[in-house]
Amino acid sequence: MKTRQIKILLPLLLALCLPGLLHARGAPEHDGQPLTIYAIRGPSGVGMIRLFEEPPEIPGFAVQMQALAGPDLMAARFLSGQAQVGILPANMAARIRSLGRDVQAAAIIGTGMLSLLSSDPSVQSLEDLRGRTVEVAGQGGTPEYVFRKILIANGIEPDRDVTLGFALALPEIALSLIAGRVSIALLPEPFATMARAGRPDLRAVVDIQEEWVRAGGEGNYPMTVLVVDGAFAAANPAAVDAILNAVRDSIEWVKANPAEAGTLVQRHDLGLSASVAAAAIPHSNYTFIPAVEGRASMESLFRAFLENTPVSIGGALPDDGFYWTRDD
């Protein structure tokens with residue numbers, strides 16, 4: 001009878017003791033303050049994909065990654081105080097700070113990656129755009145205002161000499177270029193790579209990044225910045241440093257290993273297939289520039305917003321405190 005009782009109780013005893021045994025043998029601990037690093041689904045989050053596979057280990061924090069569907073959702077997290085670390089278009093970060101939220105740009109992690117594509121052999125230069133319609137990805141955002149500045153610098157008046165079209169979403173523009181329904185379009189990666197893969201006779205009319213500099217832009221315009229909550233960063237500068245180092249390492253790994261990075265992008269559901277992500281990475285200008293070093297390029301872009309829609313960044317250039325740097 002006793003033997004039977006022992007046999008019955010043994011599995012229960014093992015179940016009760018096993019967690020302690022595993023802990024004693026070095027099982028991973030999950031103690032610490034929860035910290036979510038937010039990315040955005042799509043190309044802007046690709047540079048951070050290694051962190052989805054291996055979140056950074058930061059003493060005192062239990063770190064997890066989460067990708068949101070779009071920048072508007074990310075902005076809402078910062079405005080509500082829910083987000084401590086995430087990525088945003090530079091102009092949206094400036095706008096949030098202008099609304100009274102203490103957010104800071106910590107690093108530029110993606111720079112200009114726009115392509116002006118055409119299948120029309122008669123379009124060989126910006127001058128040839130006169131009287132044409134150019135489909136532009138993103139009304140009221142960086143693509144539009146970068147393009148407007150370039151056109152004006154070349155003596156072409158937007159909305160008078162050139163019609164800017166905003167009716168189509170990004171994937172639709174790429175598909176319309178492939179199908180021939182659209183002959184000229186301004187597209188970011190990876191959609192430019194997708195379009196050119198589907199229609200080999202598409203070509204770049206000019207290099208938008210070079211034209212930006214010729215138009216008076218400072219360096220390459222920032223497309224994506226890593227943003228931190230000011231109070232969190234002030235209280236945890238070592239944690240911010242660790243996050244920045246992890247993001248920088250991820251970006252370098254992504255650029256060196258596009259195929260492997262593409263596989264992770266698909267595995268973690270960032271909204272791109274492995275093949276598309278891998279093909280676009282070499283053209284996507286993922287980079288890592290500390291915000292204080294990239295201030296001139298950010299302010300150059302912000303001036304383009306001020307020239308068109310000042311309210312979009314709060315009506316003025318962000319103050320000095322917008323650019324995070326470790327004080328201690």
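A crossing of two helices is called right-handed if the near helix is turned clockwise from the far one by less than a right angle, and left-handed if the turn is anticlockwise. In this predicted model, the crossing of helix 6 and helix 7 is right-handed. Other features of this pair are taken up below, after an outline of the chain.

## The chain as a whole

The chain has 328 residues, of which 48% are buried. Its secondary structure amounts to 13 helices and eleven strands. The C-alpha trace spans about 95 × 45 × 30 Å along its principal axes. Among contacts with a separation of 6 or more, 74% are between residues 24 or more positions apart.

## Helix pairs

Two packed helices are described by the angle between their axes and the distance between the axes.

| Helix pair | Axis distance | Axis angle |
|---|---|---|
| Helix 6 and helix 7 | within 8 Å | roughly 20° |
| Helix 10 and helix 11 | 5 Å | about 115° |
| Helix 5 and helix 13 | within 9 Å | roughly 85° |

For helix 6 and helix 7, the axes cross at roughly 20°. Angles under 35 degrees count as roughly parallel, so helix 6 is roughly parallel to helix 7. Helix 6 contributes Leu170, Pro171, Ala174, Leu177 and Ile178 to the contact, and helix 7 contributes Phe191, Met194, Ala195 and Gly198. By class, eight residues of this contact between helix 6 and helix 7 are nonpolar, one is polar and none is charged.

Helix 7 covers residues 191-198, with Phe191, Ala192, Thr193 and Ala195 buried. Besides helix 6 (170-179), the buried residues of helix 7 pack against strand 5 (114-118), strand 8 (184-188) and helix 12 (274-280). Two residues, Phe191 and Ala195, are among the buried ones of helix 7 and also belong to its contact with helix 6.

Helix 10 (residues 237-256) packs against helix 11 (residues 258-267) at an angle of about 115°. Helix 10 is therefore roughly perpendicular to helix 11. The contact involves Trp253, Val254, Lys255 and Ala256 on the side of helix 10, and Pro258, Glu260, Ala261 and Leu264 on the side of helix 11. Six of the residues in the contact of helix 10 with helix 11 are nonpolar and two are charged, with no polar residue.

Helix 5 (residues 142-153) and helix 13 (residues 295-308) have axes that cross at roughly 85°, so helix 5 and helix 13 are roughly perpendicular to each other. From helix 5 the contact takes Thr142, Tyr145, Val146, Arg148 and Lys149, and from helix 13 Leu301, Ala304, Phe305, Glu307 and Asn308. The contact of helix 5 with helix 13 divides into five nonpolar, two polar and three charged residues.

## Two residues and their contacts

Thr224 belongs to strand 10 (residues 222-229). Because its relative accessibility is 7%, Thr224 counts as buried. Leaving aside residues up to four places away in sequence, Thr224 touches Ser44, Ile87, Leu88, Ala107, Ile108, Ile109 and Gly110.

Leu79 belongs to helix 3 (residues 71-80). With a relative accessible area of 38%, Leu79 is partly exposed. Residues up to four places away in sequence again left aside, Leu79 touches Ile96, Leu99 and Arg101. Leu79 and Arg101 are 22 residues apart along the chain, and their C-alpha atoms are separated by 6.4 Å.

## Backbone in the loops

Most residues other than glycine have a negative phi, and most peptide bonds are trans. Exceptions to both occur in this chain. The peptide bond from Glu189 to Pro190 is cis, with omega near 5°. Pro190 is in the loop between strand 8 and helix 7.

Asp269, in the loop between helix 11 and helix 12, has a positive phi, near 60°. Asn285, in the loop between helix 12 and strand 11 (286-290), also has a positive phi, near 55°. Asn285 counts as partly exposed, because its relative accessibility is 30%.

Notes: Residues numbered from 1 in each chain as written. Predicted model: local features only at pLDDT ≥ 70, side-chain atom pairs only at ≥ 80, totals over all residues. Heavy atoms only, no water. Buried < 20%, exposed > 50% of the residue type's maximum accessible area, 1.4 Å probe, protein only. Helix = DSSP H or I, 4+ residues; strand = E, 2+ residues; numbered from the N terminus. Contact = heavy atoms within 4.5 Å. Axes fitted to C-alpha atoms, helices over the stretch in contact; angles between N-to-C directions. Parallel < 35°, antiparallel > 145°, perpendicular 65-115°, else oblique. Nonpolar A, V, L, I, M, F, W, Y, C, P; charged D, E, K, R; others polar.
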